[in-house]
Amino acid sequence: MSKKVLVLEDEENIRSFLVINLKRAGYEVIQAGCGEDALAEYHKNTDVLVCILDVMLPGIDGYEVCRTLRAEGYEGGIIMLTARVQESDKVTGLMTGADDYVTKPFSVAELTARVDALVRRMGFHNVAAEVIQSGPFHLDLRARELRKNGRRVDLTQVEFALMKTFMQNKGRALDREELLSSVWGRDYSGELKIVDVNIRRLRIKVEDVPASPKYIITVRGFGYMWEG
Ligand code: CA
């Protein structure tokens, strides 16, 4: 099975550098130099496992591409390449539906490790038929589906992995490191902040009132807990 990765980057040097290294790491790489082309390439390759999206582009920006991919039902991994370092921009990127971000200038080894971590997340072969029920939630591990009161909730792969971790640990406080290693992989080098932002996004999808969560509870100074 070929593992496809889409690279959207308008600077040709950076793009070809990424393409060479990802190919060397065993990926089939689809590339685009602008957001419009990236979406067109995605339509031809909806089986891409991870999209690497540069933010600053001549046409529509990377955030818009990210938002569009998610709106079209893409559930795979998305990593934003950002030149900005402000916390608020990182949060903006993740709230549009990205799983992770890498700030330029980045090391290609680090980026490849992040791609590998997301791809491992997509590997759900040999999953036993298992359903976890908690309150109004019904998580079907084989069908990879979450239902709340019988209605399907659309989740990205990372959000699904978070829900699985929470629902398998009902009533137990989980710290950020534990969530990061369980969802993103043990050797993951990203910041703990991505845990918080992904949870913020997940709450919008699963809570009745996201501003006052009653399922994913914040355990102050520690992490999060699933109340169910
Ligand atoms: Ca750029």
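1. Start with Met56, which comes out as partly exposed at a relative accessible area of 48%. Keep in mind that this is a predicted model.

2. Asp10 counts as partly exposed, with 31% relative accessibility.

3. The largest nonpolar core has 73 residues, and Leu53, Met163 and Trp184 have the most contacts inside it. Helix 6 (residues 157-168) gives the most to this core, contributing seven residues. If you click on Leu53 and ignore neighbours within four places in sequence, you'll find it in contact with residues including Leu6, Leu8, Val65, Leu69 and Ile79.

4. Zooming out, the fold is made of eight helices and 12 strands. For 228 residues, a compact globule would have a radius of gyration near 17 Å, and the protein has 17 Å, which agrees. The C-alpha trace spans about 50 × 35 × 30 Å along its principal axes.

5. Two more overall figures are handy. Among contacts with a separation of 6 or more, 58% are between residues 24 or more positions apart. The protein exposes about 10,600 Å², with carbon and sulfur atoms supplying 49% of that area.

6. What does the side chain of Arg114 reach? This arginine is in helix 5 (residues 108-122) and is buried, at a relative accessible area of 6%. Its side chain reaches the backbone oxygen of Tyr101 at 3.1 Å, and a polar contact of 2.6 Å joins it to the side chain of Glu110. Leaving out neighbours within four places, Arg114 also has contacts with Ile79, Tyr188, Ser189 and Gly190, among others.

7. Thr96 is another buried polar residue to check, with a relative accessible area of 10%. You'll find Thr96 in the loop between helix 4 (87-95) and strand 5 (100-103). Not counting residues up to four places away in sequence, Thr96 touches Tyr63, Cys66, Arg67 and Arg70.

8. A few backbone details deserve a glance. The peptide bond joining Lys104 and Pro105 is cis, with omega at about -5°, and Pro105 is in the loop between strand 5 and helix 5.

9. Where are the positive phi angles listed here? Arg144, not a glycine, has phi of about 55° and lies in the loop between strand 7 (137-140) and strand 8 (145-148). Asn149, also a residue other than glycine, has phi near 50° and is in the loop between strand 8 and strand 9 (151-153). Arg144 counts as partly exposed at 22% relative accessibility, whereas Asn149 is exposed, with a relative accessible area of 62%.

Technical notes: Residues are numbered from 1 along each chain as its sequence is written. This is a predicted model: local features need pLDDT of at least 70, side-chain atom pairs count only at pLDDT 80 or more; totals for chains, interfaces and linings use all residues. Side-chain values use heavy atoms; hydrogens and water are left out. A nonpolar core is a set of buried Ala, Val, Leu, Ile, Met, Phe, Trp, Tyr and Cys residues joined through side-chain atoms within 4.5 Å. Buried means under 20% relative accessible area, exposed over 50%, partly exposed in between (1.4 Å probe, protein chains only). Helices (H or I, at least four residues) and strands (E, at least two) are DSSP runs, numbered from the N terminus. Contact means heavy atoms within 4.5 Å. The radius of gyration is taken over C-alpha atoms; the globule rule is 2.2 Å times the number of residues to the power 0.38. Accessible areas come from the Shrake-Rupley method with a 1.4 Å probe; for residues, only the protein chains shown count as cover. A polar contact is a pair of N or O atoms within 3.5 Å; within protein, one must be able to donate a hydrogen and the other to accept it, and residues adjacent in sequence count only if both atoms are side-chain atoms.
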